[in-house]
Structures are given as structure tokens and as C-alpha cells.
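Please open the model in your viewer and keep a selection panel at hand.

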Amino acid sequence: MSPSADNFYLPTSLAEFFTDWFKAPLAEPFSCDALQLVKQSGRRIEIPPQYVSLDFIDELKKISRTERYLEIGSKATLRDILRLGRSVPTILRQVLEGAASPFLHPLISFGACVQPKSQRSEIAAVLTALDARYELRSSPASSRWLSASRYAALTEQGAGLGRELLTRIRIPLDEWDYAIYRKLRQVDDTGTGSMVILLLAKMQKDILTDIRVVLAADIVRREKGAESFLTGKHLPLDERDTEPFVAYWRDYLAGNKTLDPMQQEIAVLCIESCISQFID
């Protein structure tokens with residue numbers, strides 16, 4: 001497709017998108033997404049001087065489901081996903097419902113929620129907890145899959161993902177026996193802020209077979225060493241089991257300089273409260 005005088009492209013397929021992107025290497029992928037627009041200040045909407053639109057590519061809006069996975073295109077909206085009802089994991093549905101006003105659900109795409117410039121930390125956190133995977137395409141025929149945690153780590157480190165486009169998010173449809181989602185509003189150095197704690201657990205014959213705890217504040221964090229310590233323990237847990245788990249998290253957060261001491265203490269107390277649900 002030929003660019004207009006303003007140097008924008010309006011592809012209607014992924015093949016056409018990459019053709020346009022290769023012809024205009026300085027162009028940016030762009031979408032009229034509410035999350036991107038609300039980040040802007042000023043009276044006029046800022047758009048890249050040269051861009052390739054994602055808004056007319058139906059392939060990016062598809063949602064499919066198998067017995068094992070739910071696959072969601074990066075341009076599917078929160079409303080599209082929530083309309084699936086019970087086909088969506090319960091904790092993901094809860095997080096999406098609380099991520100924005102229902103009036104904005106048709107205007108927010110799923111992929112935008114995990115992009116560095118517009119990330120919703122609670123959505124990135126639940127996808128990490130659920131072991132979701134992201135498909136990144138560098139051409140119509142070339143793609144790779146990254147785990148949600150790996151993708152978050154790369155973007156948080158400022159590592160570029162190259163000329164790749166996030167196209168799909170694949171979510172395992174595992175059955176979880178226990179799920180906790182807590183969102184705490186707090187005041188940080190900027191006067192605002194929030195913290196999200198997610199806990200998922202599987203049990204079999206009074207044994208904790210799998211547990212995942214994810215914290216999202218400035219970034220998404222998961223302490224797998226703490227999880228490994230509790231996996232395989234008999235239920236109900238003893239305080240002698242939970243104390244080392246909490247200590248793992250306390251030490252982990254103390255080594256991270258992006259949260260101040262008050263934020264660290266709030267996070268540890270919340271995690272301790274969540275894990276106490278398994279103590280008799």
C-alpha cells in the first residue's frame with residue numbers, strides 16, 4: 001500500500017503490515033488505543049510522524065479456544081474477552097473487569113495492556129501467574145514465543161525486542177483450586193501508585209502441588225524459590241512452613257532498590273496475609 005502525503009499506512013492483513021513496515025523502516029506500529037492516548041498530555045493527540053496502523057488487521061482481533069489454551073489476538077479488546085464469560089480463567093476475568101472503567105473496555109486492546117509504554121501492571125501480573133506466552137512476529141513467516149515473565153524482564157531492562165510485533169497471547173486453561181487477587185491503592189513518592197498481589201494454588205489429597213505468587217507495583221515480580229519451598233507441603237500449613245516463605249520475599253524485595261522500605265513492608269504483609277489462608 002502506498003503511503004499518503006502524511007506518511008501513514010493502513011494495512012488490512014499481517015502480510016501487508018510487514019510489507020509496509022519493511023518499506024518504511026522508520027515508521028512505528030500505531031493503534032488508536034485508549035491506553036496509549038490517556039498517557040499523553042496536552043490538548044492535541046500526538047501520533048508518530050510516520051506509522052503503520054494496526055487498527056484494520058482482523059487477524060490481530062481473533063480469539064480461539066482449545067481444551068488446553070485460550071489464544072487472544074493483540075488487538076482484541078477487553079470487552080471482546082469479557083464477553084466470553086466462563087471461557088476465560090476466573091482470575092483473569094476479575095483482573096480485566098477491574099483494570100478500567102467498563103466504558104473503556106471497547107477502547108482498550110489486550111496487547112496494549114502489556115506493552116512497555118502503556119502497561120497495566122495487574123494484567124501483566126496475572127499473565128505471568130498463569131504462565132501465558134506471547135507470540136512475536138518479525139515477518140509473516142517468522143515468529144517466536146516468549147513467556148510472559150521473560151517478556152516483562154526484557155522490557156523492564158530496556159532491552160529492545162527488535163522489529164517484532166506482538167500478535168497473540170496464549171493462556172493455559174489450567175484448573176486452579178484457590179485464587180486470590182488483591183489490589184492495594186497506596187501513596188508513593190509521586191503521590192500515587194498501586195500494588196497488586198496474585199496467588200494461585202493447586203491441591204491434591206491435602207498436598208499443595210503448585211503455588212504461584214506474583215507482585216506488581218513498579219514492575220512484575222515472582223519469587224520462584226519461595227514457591228518451590230512450599231510445593232509438596234501438606235495442608236493445612238504450619239507457621240514453620242510459612243515463615244521461611246515470607247522471609248524469602250522479604251529478602252528478595254530488600255535487594256530491589258525500586259521499592260522504598262514502606263512499600264516493601266506493605267507487600268510483605270499482604271503476601272503474609274494471603275499465605276495465612278492455608279494455615280489451620
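What follows is a sequence of selections, each with a description of what is there.

**Stop 1: colour by confidence**

This is a predicted model, so begin by colouring the chain by pLDDT. The mean pLDDT of the protein chain is 87, and 89% of its residues reach 70 or more. Select strand S5, residues 69-73, where confidence is highest, at a mean of 97. Then select helix H2, residues 34-38, where confidence is lowest, at a mean of 73. Finally, select residues 1-5: pLDDT stays under 50 over this stretch, and the model has eight contacts for it beyond four places in sequence.

**Stop 2**

The whole structure contains 16 salt bridges. Select Glu71 and Arg168, which form one of them, with the closest N and O atoms 2.7 Å apart. Glu71 belongs to strand S5 and Arg168 to strand S8 (residues 165-172), so the pair ties together parts that are 97 residues apart in sequence. The two side chains can also be compared by accessibility. Glu71 counts as buried because its relative accessibility is 13%, whereas Arg168, at 26%, counts as partly exposed.

Now select Arg137 and Glu135. These residues form a salt bridge in which the closest N and O atoms are 3.4 Å apart. Arg137 and Glu135 are both buried.

**Stop 3: Arg212 and Asp131**

Select Arg212 and Asp131, whose side chains meet in a salt bridge with an N to O distance of 3.2 Å. This pair links distant parts of the chain, 81 residues apart. Arg212 is in strand S11 (residues 207-216), while Asp131 is in the loop between helix H5 (121-129) and strand S6 (133-139). Asp131 is partly exposed, with a relative accessible area of 37%.

Keep Asp131 selected and inspect its backbone. Asp131 has a positive phi of about 60° although it is not a glycine.

**Stop 4: the open sheet**

Select strands S9, S10, S11 and S12. These four strands form an open sheet in the order S9-S10-S11-S12, with antiparallel pairing. The edge strands are S9 (178-185) and S12 (220-222), each of which pairs on one side only. On average, neighbouring strands of this sheet are turned by 15° against each other, direction ignored.

How many bridges pair S11 with S12? The two strands pair in the antiparallel sense over three bridges. Within this region, select Leu215, which stands opposite Arg221 in S12.

**Stop 5: the helices on the sheet**

Helix H4 lies across S9 and strand S10 (194-204), and H4 runs at about 20° to S9.

Within H5, select Ser121. Ser121 is buried, with a relative accessible area of 13%. Not counting residues up to four places away in sequence, Ser121 touches Ala216, Ala217 and Val220.

**Stop 6: backbone exceptions**

Some backbone geometry deserves a separate selection. Most residues other than glycine have a negative phi, and most peptide bonds are trans.

Select Lys205, found in the loop between S10 and S11. Lys205 has a positive phi of about 50° although it is not a glycine. Is Lys205 buried or exposed? Lys205 counts as exposed because its relative accessibility is 76%.

A cis peptide bond joins Leu235 and Pro236, with omega at about 0°. Pro236 is in the loop between helix H7 (224-230) and helix H8 (239-254).

Technical notes
Residues numbered from 1 in each chain as written. Predicted model: local features only at pLDDT ≥ 70, side-chain atom pairs only at ≥ 80, totals over all residues. Heavy atoms only, no water. pLDDT = per-residue confidence, 0-100. Contact = heavy atoms within 4.5 Å. Salt bridge = Lys/Arg side-chain N within 4 Å of Asp/Glu carboxyl O. Buried < 20%, exposed > 50% of the residue type's maximum accessible area, 1.4 Å probe, protein only. Pairing = 2+ DSSP bridges. Axes fitted to C-alpha atoms, helices over the stretch in contact; angles between N-to-C directions.
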